[in-house]
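Here is a short report on a two-chain model. Please keep the sequence and the 3D view open while reading.

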Amino acid sequence: MGGETPPLHDPRPNKKVVMQGQATQIIHAYKQAPWRVQRQWIGAFLLVVIGAAMIAALYLDVTARAAVAGRQIQELRLEITAIQRENADLETQLADLTSTAVMQQRAIALGYRPVQPGELDYVAVPGFAKPEPEILLAAEDATPHVERQPAEYTQSLLEWFDERIKLEVPR
Amino acid sequence: MNMRQHYPIRSLIVVACFVLVGLGVIVQMIRIQNSEQAMIFLSQGDRYAGEFQMFYPERGEIYDRNGHLLAGNRTVYEVGVSLSEMENPDSLAYILGSYLGLTYEEVYKKLTESPESWEYIVIQDYVGVETVESLRQLVQQLNDADDPRLNGLAFKPHLQRSYPEKDLASNVLGFVTRDGRGYFGIEEKYNDLLAGNPVQIWVPRDPNKASDIPRVPNGTTLVLTLNRDLQAKVESILEQALFEYGAQNGTILVMDPRNGEILAMAATPRMDLNNYGNYFSLYDNGSQYNRAIGMAYEPGSVLKVLTMAGALDAGTVRPETTFIDTGSIVVGGITIQNWNRDSWGQQNMIGCLQHSLNVCLAWISSEMGVQSFYSYMERFGLGHATGIDLSGEAIGRLKVPGDGDWYPVDLGTNAFGQGVSVTPLQMLMAVSAIANDGKMVTPHVLYSMLRDGHQYNVPSQHAGSPISAETARTLNEMLAISLEQESSMALLPGYRLAGKTGTAQIPTDYGYDASHTNVSFVGWGPVDDPQFMVYIWLQTPTTSIWSSETAAPVFSQVAEQTVILLNIPPDVVRGQLTPK
């Protein structure tokens with residue numbers, strides 16, 4: 001019994017190649033499946049929708065914050081105006097309560113009477129300077145300090161002669 | 001055809017429907033936006049998109065030199081009704097009428113007969129806080145009970161000028177009307193500074209477009225040279241003097257002769273500045289508002305001080321120069337006599353001042369000559385405005401040679417204050433040269449300005465040197481001696497003062513009225529270091545026509561209060577306190 005010698009070229013398809021071909025076909029078919037294309041479209045659409053929604057939400061958030069801030073500005077402005085008015089009111093009320101007529105009445109009611117010249121005692125306090133009123137203490141002095149004008153601008157001709165003569169006398 | 005084949009077609013139909021509807025909406029939007037009515041709607045929309053609002057700065061306050069508020073601002077309300085929210089005009093008219101002092105018919109007519117386009121109507125402005133609080137409580141009670149009868153009622157707050165001291169220094173301060181404009185005094189003179197600059201801004205209703213408004217700086221705050229307590233005392237003394245001497249009106253001025261600062265300026269009549277509507281019942285014309293600066297009059301013998309100053313300075317006379325008073329002198333063909341028509345015999349210049357001799361002073365002016373006399377009067381500022389920073393200053397009249405109504409006799413009469421008209425302030429300014437070593441000061445009321453936290457002080461100004469310092473000191477001494485020798489009622493124990501009385505007949509269209517006089521007094525002290533000057537003018541006193549019996553004692557009272565309030569010790573004490 002002699003064995004058969006295998007042919008040099010096997011006419012049967014290579015199994016591995018066939019399987020590869022089938023896989024490629026399946027993948028190709030999968031890729032081209034109608035439902036998959038639809039899902040891709042739907043996905044892209046949803047992406048756009050979600051993007052737009054995010055932008056809209058962001059925009060709404062920003063504009064809402066701006067609106068709230070704007071409203072707060074308006075309310076603060078009104079509050080500032082109201083406080084300024086109240087401040088002015090209180091100052092005037094205080095001035096009403098400390099007006100000359102009211103203070104005089106209160107002083108008399110408390111038993112005080114106007115001082116007479118002979119009842120005053122004067123004491124010299126070295127270096128004492130009468131304090132400036134509070135309203136002036138709160139402000140910064142911005143008075144332009146003009147340099148003193150030379151005498152030539154203020155003295156009359158007679159005064160000038162007088163000054164010259166006096167200067168000449170010691171010589 | 002199976003289900004799978006139907007699906008795309010149905011989908012397409014649905015999509016087409018949506019597209020059509022969408023397109024329809026878009027087309028309609030475009031059509032509406034470009035229609036004829038669109039412009040109307042747009043303009044209506046713009047109307048409510050916002051409004052131009054005028055932001056008025058708070059009017060600057062006015063303080064006295066010690067920081068006491070003289071003019072401030074208080075909140076008042078504009079009461080109005082929002083017509084679109086109004087539900088019951090009957091109730092609104094009834095309630096507003098009773099609370100605001102209006103008639104029912106008046107309010108009802110406003111509410112129901114206003115043009116249809118009006119959204120809001122003002123019922124009354126400048127309503128006080130108390131009234132508005134009562135109305136608010138009523139509205140709150142009705143709201144709590146879901147009662148809509150007062151719906152639409154609105155209160156808009158704003159500021160109104162307020163004067164806490166009421167009529168104190170009213171003649172100096174002036175007043176502000178509801179349109180925000182200042183009239184008279186400081187309020188008018190510094191109206192632009194006090195009012196500040198209003199700013200008009202577009203304020204959108206859309207909060208997205210809301211932005212901060214630019215800061216509107218308040219008006220400038222002014223600090224005056226007035227001393228509130230002294231002002232009150234001086235006003236009180238003036239009122240008392242008018243009552244005691246039966247005078248018609250009067251003026252008292254207190255000034256620091258070293259720098260021209262007005263410490264007190266009282267004039268009658270005064271007015272509660274919070275009720276400036278009384279102006280027309282109190283004053284016939286604007287010049288009466290502050291007689292110290294607005295009314296010129298013939299001052300009489302107080303002007304002799306200026307004549308003597310000129311004569312001493314020109315070397316025409318010296319204190320010891322003697323004059324034989326025969327009781328009359330002829331100047332320009334007219335005979336001039338003394339106030340009592342007597343002759344006073346031999347007098348020196350102190351005697352001429354002490355006895356206020358018209359004849360002597362007419363002789364002095366004649367000796368000086370026309371040119372010299374009027375030159376000195378011009379240098380003392382007669383016939384010119386003092387330049388005080390108050391509105392409504394009169395300039396008086398000094399007739400000079402060359403004027404159509406000047407006659408040679410005027411040289412004699414002008415020397416004792418007749419035929420020449422001055423304001424009290426002009427006289428005070430002129431005489432300041434004698435109290436201030438020959439330097440005349442420009443009177444002023446503004447001490448300092450405060451704006452944006454910065455302080456701007458007002459420097460004092462000299463208005464020339466009409467006489468030399470030596471002449472001023474000599475005359476100062478002469479006037480002090482004449483007061484002492486006269487035992488004048490103007491004297492103040494403990495203080496050496498200088499001064500001069502003035503009694504002047506009142507000129508009328510038919511000559512001088514012999515039965516009525518204007519009495520004046522100008523004085524200052526302490527003589528060795530003058531720190532205050534006082535000018536007094538009482539119009540037509542009835543208890544006595546003489547200044548020595550009316551204005552002189554008033555001067556003493558003012559001087560007494562001035563030394564107390566300005567902490568000026570008696571001469572003896574001051575000598576001990578002065579550092580050597």
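The sections below cover the basis of the model, each chain, and their contact.

## Basis and numbering

This is a predicted model: local features need pLDDT of at least 70, side-chain atom pairs count only at pLDDT 80 or more, and totals for chains, interfaces and linings use all residues. Residues are numbered from 1 along each chain as its sequence is written, while chains are lettered from A and ligands numbered from 1 in the order in which they are written.

## Chain A: fold and confidence

Chain A has 5 helices and 1 strand. Their order along the sequence is α-α-α-α-β-α. Helices (H or I, at least four residues) and strands (E, at least two) are DSSP runs, numbered from the N terminus. Chain A has 171 residues, of which 2% are buried. Here, buried means 20 or more other C-beta atoms within 10 Å of the residue's own, exposed means 12 or fewer, and partly exposed lies in between, with C-beta atoms placed from the backbone.

The mean pLDDT of chain A is 81, and 86% of the residues score at least 70. pLDDT is the predictor's confidence in each residue, from 0 to 100. Within chain A, helix α3 (residues 100-109) has the highest confidence, at 94, and β1(A) the lowest, at a mean of 70.

## Chain B: domains and a hairpin

Chain B is assigned domain 1 (74-164) and domain 2 (228-275 + 288-577). These bounds come from an automatic or database domain assignment. Taken over C-alpha atoms, the centres of domain 1 and domain 2 of chain B are 56 Å apart.

Strand β16 (residues 446-451) of chain B runs antiparallel to β17(B), joined by 4 bridges. Strands pair if DSSP finds at least two bridges between them. B:Arg451 lies opposite B:His454 in β17(B). The hairpin of β16(B) and β17(B) has 2 residues between the strands, and B:Asp452 takes a positive phi near 50 degrees.

## Where the chains meet

The contact involves 32 residues of chain A and 40 residues of chain B. Contact means C-beta atoms, placed from the backbone, within 7 Å. On the chain A side, α2 (34-97), α4 (134-137) and β1 (140-141) each supply at least two residues. The largest share, 16 residues, comes from α2(A). By class, this side of chain A has 15 nonpolar, 8 polar and 9 charged residues. Nonpolar covers Ala, Val, Leu, Ile, Met, Phe, Trp, Tyr, Cys and Pro; charged covers Asp, Glu, Lys and Arg; the others, Gly among them, are polar.

A strand pairing also links the chains. β1(A) pairs in the parallel sense with strand β17 (residues 454-457) of chain B, over 2 bridges. A:Asp141 has B:Gln455 as its bridge partner in β17(B).

Key:
Contact = placed C-beta atoms within 7 Å.
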